[in-house]
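Student: Hi! Could you walk me through this one? I'm new to it.
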Amino acid sequence: MRPTQQRYGGPNWKVGNWLGHDFGAFGGAGKVKGIITYGVAANRQNPFAGAAHDALFNTFRRTKSQIFYWLPTMVAGYYLMHWATERNEYLNSKAGRAEFADSE
């Protein structure tokens, strides 16, 4: 007896038999018809087949559908940081200190 035989329904397990073959009546002994399964040997599989192509086009598709959610925020954040940097540089320059020296 194989060690995995109990997992498949006991000692009367055969290829093509299923415990619930009548789709609700468990324990049916008939053969399941109309279900075809295919397998590929482990040494014949290519797990990264088309991964670069799919990654490129999937990234484009996802970005296209989400761009209006994050692009305006990124643009506003960029301009705000640009304004703040320039304002800070001006306030710490000679002209900025001369203009706002009496306000402190």
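Tutor: Happy to; we'll go from the overall picture to a few residues.

Tutor: This is a predicted model, where local features need pLDDT of at least 70, side-chain atom pairs count only at pLDDT 80 or more, and totals for chains, interfaces and linings use all residues. Residues are numbered from 1 along each chain as its sequence is written, and side-chain values use heavy atoms, leaving out hydrogens and water.

Student: How many helices and strands are there in the protein?
Tutor: The protein has two helices and zero strands. Both kinds are DSSP runs numbered from the N terminus: helices are H or I with at least four residues, strands are E with at least two.

Student: And what share of the residues is buried?
Tutor: Of the 104 residues, 7% are buried. Buried means under 20% relative accessible area, exposed over 50%, and partly exposed in between (1.4 Å probe, protein chains only).

Student: Where is the kink in helix 1 centred?
Tutor: On Ile67, with a kink of about 65°. The bend at a residue is the angle between axes fitted to the seven residues ending there and the seven starting there.

Student: What does helix 1 span between its end C-alpha atoms?
Tutor: Helix 1 spans only 52 Å, whereas a straight helix of 41 residues would span 60 Å. That expected span is 1.5 Å times one less than the number of residues.

Student: New topic: how many aromatic pairs are there?
Tutor: There is one aromatic pair. Its partners are Tyr78 and Tyr79, with ring centres 5.6 Å apart and planes at 70°, so the pair is edge-to-face. Rings of Phe, Tyr and Trp (its six-membered ring) pair if their centres lie within 6.5 Å; planes under 30 degrees apart are stacked, over 60 edge-to-face, the rest tilted.

Student: Are those two buried or exposed?
Tutor: Tyr78 is exposed at 53% relative accessible area, and Tyr79 is exposed at 53% as well.

Student: Which residues does Phe100 contact?
Tutor: Leaving aside neighbours within four places in sequence, Phe100 is in contact (heavy atoms within 4.5 Å) with Arg87, Tyr90 and Leu91. Phe100 sits in helix 2, residues 94-100.
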